[in-house]
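Hi,

Here is the structure I promised to pass on. Have a look at it first, and then read my notes below.

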Amino acid sequence: MSFFASIPYDCYRKNALAGYEGFYASVVYAYFTASGFDVLVEDATNKGQIDMTVSLGDWIYVMEFKVVELEPEGRALEQIRKRRYWEKYLGSAREIYLIGVEFSKEERNIARFDWERVQPT
């Protein structure tokens, strides 16, 4: 949360960037990429597109982002589960984590963070 809280107010002034999922996804993408992680955005599956997949060795993090003012809370992780996005990585990962991150455009920060571990078989 402190990462988003440190983005200066002037970055939001006179624009509607904070109202869109893509803004937050871009910030998270930049953070993980700059940290040296293997990051794939709009990762296509047979049931849709994962917003972001982060690989760290044989660990996979499947991430979905939402803005709570646009959709009810809890939808990010729900979408991953419903569309079974993690199935793409079964057999190629030792551990798979599903991560739903929901942002508030009014607060300009994380409003909800959910995760769960999937047992690859």
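Let me start with one piece of the fold: strand β3, helix α3 (residues 75-83) and strand β4 (residues 95-104) form a right-handed β-α-β unit. Right-handed here means that, with the strands pointing away from the viewer, the path from the first strand over the helix to the second runs clockwise. Helices (H or I, at least four residues) and strands (E, at least two) are DSSP runs, numbered from the N terminus.

Before going further, a word on what you're looking at. This is a predicted model, so local features need pLDDT of at least 70 and side-chain atom pairs count only at pLDDT 80 or more, while totals for chains, interfaces and linings use all residues. Residues are numbered from 1 along each chain as its sequence is written, and side-chain values use heavy atoms, with hydrogens and water left out.

As for confidence, pLDDT is the predictor's own score for each residue, from 0 to 100. The chain has a mean of 86, and 83% of its residues reach 70 or more. Helix α1 (residues 2-5) has the lowest confidence, with a mean of 57, and α3 has the highest, at 96.

Now the overall layout. There are 3 helices and 5 strands in the chain, and along the sequence they follow the pattern α-α-β-β-β-α-β-β. Of the 121 residues, 40% are buried (buried is under 20% relative accessible area, exposed over 50%, partly exposed in between, with a 1.4 Å probe and protein chains only). If you take the contacts (heavy atoms within 4.5 Å) with a separation of 6 or more, 51% of them are between residues 24 or more positions apart.

Back to β3, which covers residues 59-67 and has 8 of its 9 residues buried. What does β3 pair with? On one hand there is strand β2 (residues 48-56), antiparallel over 5 bridges; on the other there is β4, parallel over 9 bridges. Two strands count as paired if DSSP finds at least two bridges between them. To find your place in the pairings, look for Val-54 opposite Tyr-61 in β3, and Phe-65 opposite Val-101 in β4. The hairpin of β2 and β3 has 2 residues between the strands, and Gly-57 there takes a positive phi near 65°.

Next, the nonpolar cores. A nonpolar core is a set of buried Ala, Val, Leu, Ile, Met, Phe, Trp, Tyr and Cys residues joined through side-chain atoms within 4.5 Å. The largest one has 16 residues, and those touching the most other members are Val-28, Met-52, Val-54, Met-63, Phe-65, Val-101 and Phe-103. The elements giving two or more residues to this core are α2, β2, β3 and β4, with α2 supplying the largest share, 5 residues. There's also a second, separate core of 12 residues, which includes Val-62, Trp-86, Leu-98 and Val-118.

Glu-64 sits in β3. Is Glu-64 buried or exposed? It counts as buried, because its relative accessibility is 2%. The side chains of Glu-64 and Gln-79 are joined by a polar contact of 3.4 Å; a polar contact is a pair of N or O atoms within 3.5 Å where, within protein, one must be able to donate a hydrogen and the other to accept it, and residues adjacent in sequence count only if both atoms are side-chain atoms. Beyond four places in sequence, the contacts of Glu-64 include Glu-21, Asp-51, Ile-80 and Tyr-85.

Glu-21 belongs to helix α2 (residues 21-34) and counts as partly exposed, because its relative accessibility is 25%. Glu-21 and Leu-70 are 49 residues apart in sequence, with their C-alpha atoms 9.4 Å apart in space.

Over in α3 you'll find Leu-77, which counts as buried because its relative accessibility is 5%. Leaving aside neighbours within four places in sequence, Leu-77 is in contact with residues including Leu-98, Ile-99 and Trp-115.

Finally, go to Ile-96 in β4, which counts as buried because its relative accessibility is 0%. Ile-96 and Trp-59 are 37 residues apart in sequence but 5.9 Å apart in space, C-alpha to C-alpha. Outside four places in sequence, Ile-96 has contacts that include Ile-60, Val-62, Trp-86 and Val-118.

Cheers
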